[in-house]
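Trainee: I am new to this structure and would like to go through it slowly, asking what lies behind each term.

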Amino acid sequence: MPQDSAPSLLHDTAPATPGEPPAAASRPVYDAAFDWIDTARAARHRAGLVRTLRPRPADSPLLDLASNDYLGLARHPEVTRGAAAAAHRWGAGATGSRLVTGSTELHARLEAELAAFCGFEAALVLSSGYAANLAAVTALTAPGTLLVSDAGNHASLIDGCRLSRARTEVAPHADPEAVRAALTGHDGRALAVTDSVFSVDGDAAPLPALAEVCRAAGAALLVDDAHGLGVLGDGGRGALWAAGLAGDGDVVTTVTLSKSLGSQGGAVLGPARVIEHLVNTARSFIFDTGLAPAAAGGALTALQLLRREPQRAARAGQVARELHERLTAAGLAAVRPDAAVVSVRAPSPEAAVRWAADCRAAGLAVGCFRPPSVPDGISRLRLTARADLTDAQLDTAVGTIVATAPTA
Ligand SMILES: Cc1ncc(COP(=O)(O)O)c(C=O)c1O
């Protein structure tokens, strides 16, 4: 490590004024330890993979096809009022782990209503969908467990597999026979994990076939329904409900409260004994501050609204199908959506970034997925259908995407 800045010689130990830190110019420079970051940054630039944070105004004039607010509930007045009322009653934060500071009736009610809505025996809410996936995967495995994970799974499931220290076999995408082969001959605990709807291409996992191969091998099935809740199943009850698997004794699901419920947080749903086991063993529940009351109140209100207005779920799917049909008819490589995510392939990461920027300049916000966020190295625009999009907005969105498309 280069030591040419001789930091100790520069160090002015006495503050200029008692109680004040030394002036910046007189402080030592200790930054050589992070010089490797400049190399990594230069490599990102060369590969066209730089990410930047853009400011987001409270009232963006952009038409939004980038967020995961599938049902248009994040700013629904009833939902924001529900969030605010919960913060007023229970405080801005949960103040600690629920095992330490106690579990509010708000959390208990959200868990009961979520479990009942999705058709599971019990639920546990956590501070994010990410934390819910870490909790489910790590608590349901041990070093001797065989984990079989779909190659297209979300990063949070992948990180759960890494943290679990179980032997993980990555199965080819959406391939029940590959899962069967991985499970065959294994003696002992096994868990297959999959997204219900894959976040990159918006395609659905073959859940009934996966459940069948798991049952044949005596393995449990864990499904991340982040993109299915609120969109799939009767009135948005989720992919497990749609597949006839909700509430089965060998099936566990995770959801996020941050997509169709327009709030923040996550949950694990399954048999009561699984949930009780998570309360006792899941580190991302035990050692994490409980879900913030505003997030719990917002999600609970959104859930109640969805029960009253189940047509929102069907509308999100219908908007997605229409987007796909019209983009395909215009010659774009859009993937047929199984829920509310529509993915459109771009020729390169640079072209995808430019395409998304051109859409934005024309007033349309779209997502842009490129390596390393995509498992197959293919860059795409990612569009999310929203139940509250009008036909005129849909026309505008399609017109903008087609007009700004890269010429191959
Ligand atoms: C499939 C999937 N699982 C889990 C998550 C994580 O959920 P959260 O954002 O609530 O942490 C996401 C969010 O992007 C997701 O797409």
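**Domains, a helix pair and a ligand shell**

Mentor: UniProt, in an unreviewed entry, places the feature "domain: Aminotransferase class I/classII large" at residues 62–401, and such annotations may be inferred rather than shown by experiment, with feature names shortened and positions given in the numbering used here. This is a predicted model, in which local features need pLDDT of at least 70 and side-chain atom pairs count only at pLDDT 80 or more, while totals for chains, interfaces and linings use all residues. Residues are numbered from 1 along each chain as its sequence is written.

Trainee: How do you know what the chain is over residues 62–401 in helix and strand?

Mentor: Helices (H or I, at least four residues) and strands (E, at least two) are DSSP runs, numbered from the N terminus, and over residues 62–401 the chain is 44% helix and 16% strand.

Trainee: What makes the protein divided into domain 1 and domain 2?

Mentor: The bounds come from an automatic or database domain assignment, which gives domain 1 as 63–73 + 310–404 and domain 2 as 77–308. The C-alpha centres of domain 1 and domain 2 lie 26 Å apart. Their contact takes 21 residues from domain 1 and 25 residues from domain 2, where contact requires C-beta atoms, placed from the backbone, within 7 Å.

Trainee: Which residues come nearest to the ligand?

Mentor: A residue is near if its C-beta atom, placed from the backbone, lies within 6 Å, and of the 14 residues around the ligand, Ser128, Gly129, Tyr130, Ala226 and Thr256 come nearest. Helix α6 (residues 129–139) gives the largest share of this shell, three residues.

Key
Two residues are in contact if their C-beta atoms, placed from the backbone, lie within 7 Å.
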